[in-house]
Amino acid sequence: MSDFQYMVECTTRDVIGLLMERDNMQMEEALDKVYNSQTYENLLNKKLLLSAKP
């Protein structure tokens, strides 16, 4: 697993955890929300992340 893939997996895990904790979502609902989001698509786009300006 590359460093980039690891970063994506860890970020995804953290976002799912936050949805479950803060929004009281069940795991299945949180997984569905994250994996079907534009945010997740952007996270997978390495070129977009590397070109982002702080």
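Colleague: What should I know about the ground rules here?

Modeller: The model is predicted, so local features need pLDDT of at least 70 and side-chain atom pairs count only at pLDDT 80 or more, while totals for chains, interfaces and linings use all residues. Residues are numbered from 1 along each chain as its sequence is written, and side-chain values use heavy atoms, leaving out hydrogens and water.

Colleague: OK, how many helices and strands does the protein chain have?

Modeller: Helices (H or I, at least four residues) and strands (E, at least two) are DSSP runs, numbered from the N terminus. Here the protein chain has four helices and zero strands, giving the pattern α-α-α-α along the sequence.

Colleague: And what share of the residues counts as buried?

Modeller: Buried means under 20% relative accessible area, exposed means over 50%, and partly exposed is in between (1.4 Å probe, protein chains only). Of the 54 residues in the protein chain, 22% count as buried. Take M7 in helix α1: its relative accessible area is 35%, so M7 is partly exposed.

Colleague: Which side chains meet in a salt bridge?

Modeller: Side chains of opposite charge can pair when their charged atoms come close. The cut-off puts a side-chain nitrogen of Lys or Arg within 4 Å of a carboxyl oxygen of Asp or Glu. The structure holds one, and it joins R13 and D14 at 3.1 Å, N to O. R13 is exposed at 52% relative accessibility, whereas D14 is partly exposed at 41%.

Colleague: Where is the patch of negative charge, and which residues gather in it?

Modeller: Patch residues have over 30% relative accessible area and no salt bridge, with like charges joined within 9 Å. Asp and Glu count as negative. On the surface, D23, E28, E29 and D32 gather in such a patch. D23 sits in the loop between α1 (3–22) and α2 (27–35), and at 47% relative accessibility D23 is partly exposed.

Colleague: Last one: how many aromatic pairs turn up in the whole structure?

Modeller: Rings of Phe, Tyr and Trp (its six-membered ring) pair if their centres lie within 6.5 Å; planes under 30 degrees apart are stacked, over 60 edge-to-face, and the rest tilted. A search of the whole structure gives one pair. The ring centres of Y35 and Y40 are 4.9 Å apart and the planes stand at 85°, so this pair is edge-to-face. Y35 is partly exposed at 36%, but Y40 is buried at 13%.

Key
Patch = residues over 30% accessible without salt bridge, like charges linked within 9 Å, V, L, I, M, F, W, Y side chains within 5 Å. Areas by Shrake-Rupley, 256 points an atom, 1.4 Å probe, with all protein chains shown as cover. Charge placed at Lys NZ, Arg CZ, Asp CG, Glu CD.
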